[in-house]
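Here are my notes on the model, point by point. Have a look at it first, then read on.

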Amino acid sequence: MLTRTMKRATAAAKGAGGAAEKRAAGGGRARGAGVQDGCAPPCLSENAPGDSTAKPPQDRERRRRRRGLVIEYESDSIDPKTSRWEPQSWERQLENIREMRKNKDAPVDQMGANKCFDQDATPKVMRYQVLMSLLLSSQTKDQVTSAAMEKLRGHGLSPENMLHTDDKTLGELIYPVGFWKSKVKYIKQTTELIVRQYDGDIPDNVAELVKLPGIGPKMAHLIMDIAWNKVSGIGVDTHVHRIANRLKWVKKETKAPEETRVALESWLPRELWSEINWLLVGFGQQICLPVSPCCSDCLNQDICPSARRGTSKAKAQNKAQ
Ligand code: SF4
């Protein structure tokens, strides 16, 4: 993936002035700033030798800038009106994050949704368990989700078994995940739909997944990726949302994860969509923390627009104690 390089070429002056400019430049592709208002040829010509009234080149340049520039692009470059925006230095920032995540020792690496299902279960049950772990994960730390999933698996986490489990027992199994009472209802309703409409399997597309109670777009894209091995979109949670804004990976600040997802998908190459969630979630758990990010320990501190000085991991940990 190469960063697009736009070569700024000569600004074409309009009308006769523009033609004259090209002639003055020797008939080839002119380079440098042009003028918008059809500046007459003399302002583009060289000062006559010995002309004491002639302005120095810097003054001429300033005058041109004040009049406003019309930038043309060489034929082999990309028209800025139609080109895709992408953030500055994102490839270096991404490489740095990969380097910082190379040990795979963040909570998401040990307890994320792709670690919470029973590897020996049938494919249908495995997919159901992926869906359940993501449903439980909203507003809940990975450690708590993982513990609840372990209890559920011990109880027997299949659609049939869940339908025969009463609400009280289910509540005790998943407590203390965030909003556990609502999630008891979501699990029951979602499981009923899966059994009734999908023959005990989970839907294989985002449009139908988001119709299930308790499943939002972020979860749906992650379910598609983990359970069906299909990349349908970027799973943007609170970490991905925050870090994308800190690194200015969104053209304009975004207010909600769904807005961030659309903004990221507009420029991030599709082959990175699956990796980016995992990378940024772990990075957000260890370095780019929600409060007091550890910028002094971050390899991006010199190229991050939001870097703060003097906020190391050790300091953040001391503060938390
Ligand atoms: S420099 Fe700080 S704000 Fe920027 S990515 Fe690193 S930890 Fe996050």
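1. A definition first: a residue is near a molecule or strand if its C-beta atom, placed from the backbone, lies within 6 Å of it. There are 13 residues around the ligand, and Cys288, Cys295, Cys298, Cys304 and Ala307 come nearest. By class, this shell has nine nonpolar, three polar and one charged residues (Ala, Val, Leu, Ile, Met, Phe, Trp, Tyr, Cys and Pro count as nonpolar, Asp, Glu, Lys and Arg as charged, and the others, Gly among them, as polar).

2. Some housekeeping. Numbering starts from 1 along each chain as its sequence is written. The model is predicted: local features need pLDDT of at least 70 and side-chain atom pairs count only at pLDDT 80 or more, while totals for chains, interfaces and linings use all residues.

3. On confidence, pLDDT (the predictor's confidence in each residue, from 0 to 100) averages 79 over the chain, and 70% of the residues score at least 70. Over residues 1-80 it is below 50, although this stretch has 77 contacts in the model beyond near neighbours in sequence (contact: C-beta atoms, placed from the backbone, within 7 Å). Where pLDDT is low, the predicted coordinates should not be read in detail.

4. Overall, the chain has 15 helices and two strands (DSSP runs, H or I of at least four residues for helices and E of at least two for strands, numbered from the N terminus). Of its 321 residues, 31% count as buried (20 or more other C-beta atoms within 10 Å of the residue's own; exposed means 12 or fewer, partly exposed in between; C-beta atoms are placed from the backbone).

5. Now the cores (sets of buried Ala, Val, Leu, Ile, Met, Phe, Trp, Tyr and Cys residues joined through C-beta atoms within 7 Å). The largest nonpolar core has 33 residues, and Val130, Leu131, Met132, Leu134, Leu135 and Ile223 have the most contacts inside it. Helix 5 (123-137) and helix 11 (217-228) are among the elements giving it two or more residues; the largest share, eight residues, comes from helix 5. Leu134 touches Ala113, Met219, Leu222 and Ile223, leaving aside residues up to four places away in sequence. A second, separate core of 25 residues includes Val236, Ile243, Ile276 and Phe283.

6. Why do the buried residues of helix 3 lie on the same side? Gln93, Leu94 and Ile97 are buried in helix 3 (residues 90-100). They share a side because they cover an arc of only 100° around the axis (taken from the directions from the helix axis to the C-beta atoms). Helix 14 (273-286) is part of what covers them, whereas the face turned away carries the exposed Glu95 and Glu99.

Definitions and conventions. Two residues are in contact if their C-beta atoms, placed from the backbone, lie within 7 Å.
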